[in-house]
Amino acid sequence: MARTAGFSFASENISLELVYDPNHTSLNSRPSERTAHRSFLDSVKTPLGLPPLVIAVLLLLTYPAVLLPQNSQTGELDLGSGKSIYLAACVACHGPDGKGQPDTTLVFKKPATFPDFSDCSGTTPELDADWKATIRRGGPGRGFSPIMPSFSEALTSEQIDLVIGYLRTLCREPEWPRGELNLPRPLMVDKAFPEDEVISTTTLNAHGAPGVNNEIEYEHRVGVKNEIDATVPVAFTHSTGRWLGGIGDIGLGWLRVLGLNNRTGSIFSIDGTVIAPTGSPRRGTGAGVTTFETFAAYGQLLPYNFFFQGEVGANLSANTRTAPQSLFWRESLGKGLRQGQGDGRMWTPMLEILARRDLLTGAKTGYDILPEFQVTLSRRQHVRADFGIDVPVTNTQGRPVQAVFYVLWDWFDGSLKEGW
Ligand code: HEC
């Protein structure tokens with residue numbers, strides 16, 4: 001009797017079983033008998049009009065069997081190391097070097113988001129937990145293409161961790177901060193991690209004179225350690241009996257990572273931003289003077305999915321008679337909670353403590369507390385919302401309680417329409 005070693009993977013809609021038979025020179029593959037998956041064959045069409053199941057079979061047949069790791073004594077597929085799991089289960093699509101098989105070999109068209117595991121700029125911002133969710137649940141589980149199958153039945157949790165460990169070795173530049181340091185963004189505390197994001201933050205006065213403030217921030221990562229960003233605020237107040245408002249002071253900034261330790265989970269950056277007096281002091285939308293804002297930001301991973309983020313900075317106005325200079329320091333403590341055994345939506349409660357003090361004799365420090373929670377909206381987790389209440393606790397004169405919320409789009413992970 002021929003000794004065979006089986007290997008199968010399945011997603012919500014696709015299932016495939018590979019059977020290695022030492023009496024044959026190459027891999028045989030046969031669809032599993034699960035008829036529930038049949039409907040998928042009719043529903044998904046690829047550029048060649050072939051269903052993904054057929055594609056995966058074709059790919060595996062065209063892949064040289066010699067590269068597949070097998071125990072020469074028993075003929076069984078070796079799934080004991082990250083590399084051997086990769087060669088057995090992933091290489092047919094992702095290629096021996098992680099760059100993806102050449103288009104000429106692949107029978108499916110690579111989606112624009114198809115990963116190149118050797119490209120550090122594309123892979124290091126991703127968290128292991130997010131990759132694990134994609135590998136367990138397949139592409140559709142995370143708003144990706146259904147061509148990426150689910151391995152929840154074929155691989156154990158430990159084997160998935162092993163193969164992720166192997167994927168991480170394909171980026172060979174250790175100076176890149178890993179995705180785990182890319183902590184959830186608080187409403188007020190600035191992040192130390194360089195990002196590719198657009199954030200729209202709205203602040204509403206909960207009492208006192210009605211007021212609405214909206215700020216759009218665009219962030220663009222440049223290389224390993226830099227980010228450039230632009231901020232455009234729009235403010236409206238109703239303090240003088242009528243609504244006054246318009247565009248506020250536009251800021252242009254540069255953030256640079258100065259230190260990081262992927263092992264201890266620490267990241268430290270500095271930022272310098274020039275804020276131009278594009279707003280109007282009369283309308284309450286601007287300081288009326290060019291301001292230089294600078295801060296140092298720090299992020300730290302803590303046990304049990306807790307994390308800390310803090311910053312210390314100064315607002316240095318070019319003319320202290322028009323606008324006083326000030327110091328600020330802000331801290332936040334948060335905890336990431338993932339639904340569905342870690343694969344689902346992520347909820348992140350955070351508590352911020354904010355302080356600001358004008359550099360004037362006799363000035364008082366204004367402290368605020370800001371409880372909030374962030375939630376991922378899209379399956380791909382690239383669109384998120386955060387909602388909180390900013391409560392002034394000292395120096396409260398003229399500082400109303402405010403509701404604050406943002407919508408955040410990580411544009412590096414896909415367009416706003418994708419990934420739901
Ligand atoms: C049948 C082809 C196929 C096989 C086999 C396959 N993948 Fe994929 N994989 C894809 C495609 C296609 C994508 C891109 C999906 C997209 O961007 O919409 C992908 C995407 C991914 C991603 C990226 C998710 C992200 O966040 O960008 C990871 C991680 C991944 N695959 C890991 C694996 C691992 C590990 C294996 C083996 C255990 C594997 N894949 C096997 C086709 C495959």
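Predicted model: local features only at pLDDT ≥ 70, side-chain atom pairs only at ≥ 80, totals over all residues.

What share of the 420 residues of the protein chain counts as buried? The figure is 36%, where buried means that 20 or more other C-beta atoms, placed from the backbone, lie within 10 Å of a residue's own. Residues are numbered from 1 along each chain as its sequence is written.

Switch to cartoon. The protein chain has seven helices and 17 strands; these are DSSP runs numbered from the N terminus, with helices (H or I) of at least four residues and strands (E) of at least two.

**Stop one: the largest core**

Select Ile85, Tyr86, Ala89, Cys90, Phe151 and Val163. Of the 20 residues in the largest nonpolar core, these touch the most other members. A nonpolar core here is a set of buried Ala, Val, Leu, Ile, Met, Phe, Trp, Tyr and Cys residues joined through C-beta atoms within 7 Å. Now colour H3 (82–89), H4 (91–94), H6 (128–137) and H7 (157–169), the elements that give two or more residues to this core. H3 gives the most, five residues. For a second, separate core of ten residues, pick out Leu183, Val257, Ile267 and Ala297, which are among its members.

**Stop two: H3 against H7**

H3 and H7 pack at about 95°, with axes 7 Å apart (axes are lines fitted to C-alpha atoms over the stretch in contact, and angles run from 0 to 180 degrees between N-to-C directions). That makes H3 roughly perpendicular to H7, a label covering 65 to 115 degrees. To see the contact (C-beta atoms within 7 Å), select Gly82, Lys83, Ile85 and Tyr86 of H3 with Gln159, Leu162, Val163, Gly165 and Tyr166 of H7.

**Stop three: H6**

Select Trp131, Ala133, Thr134, Ile135, Arg136 and Arg137, the buried residues of H6. H7 is part of what covers them. Just after H6, check glycine 138, with its positive phi of about 80°.

**Last stop: the ligand**

Which residues come nearest to the ligand? Of the 23 around it, they are Cys90, Cys93, Thr113, Ser145 and Met148; a residue counts as near if its C-beta atom lies within 6 Å. H4 and H6 each give two or more residues to this shell, and H6 supplies the largest share, four residues.

Methods
Buried ≥ 20, exposed ≤ 12 C-beta atoms within 10 Å, placed from the backbone. Parallel < 35°, antiparallel > 145°, perpendicular 65-115°, else oblique. Contact = placed C-beta atoms within 7 Å.
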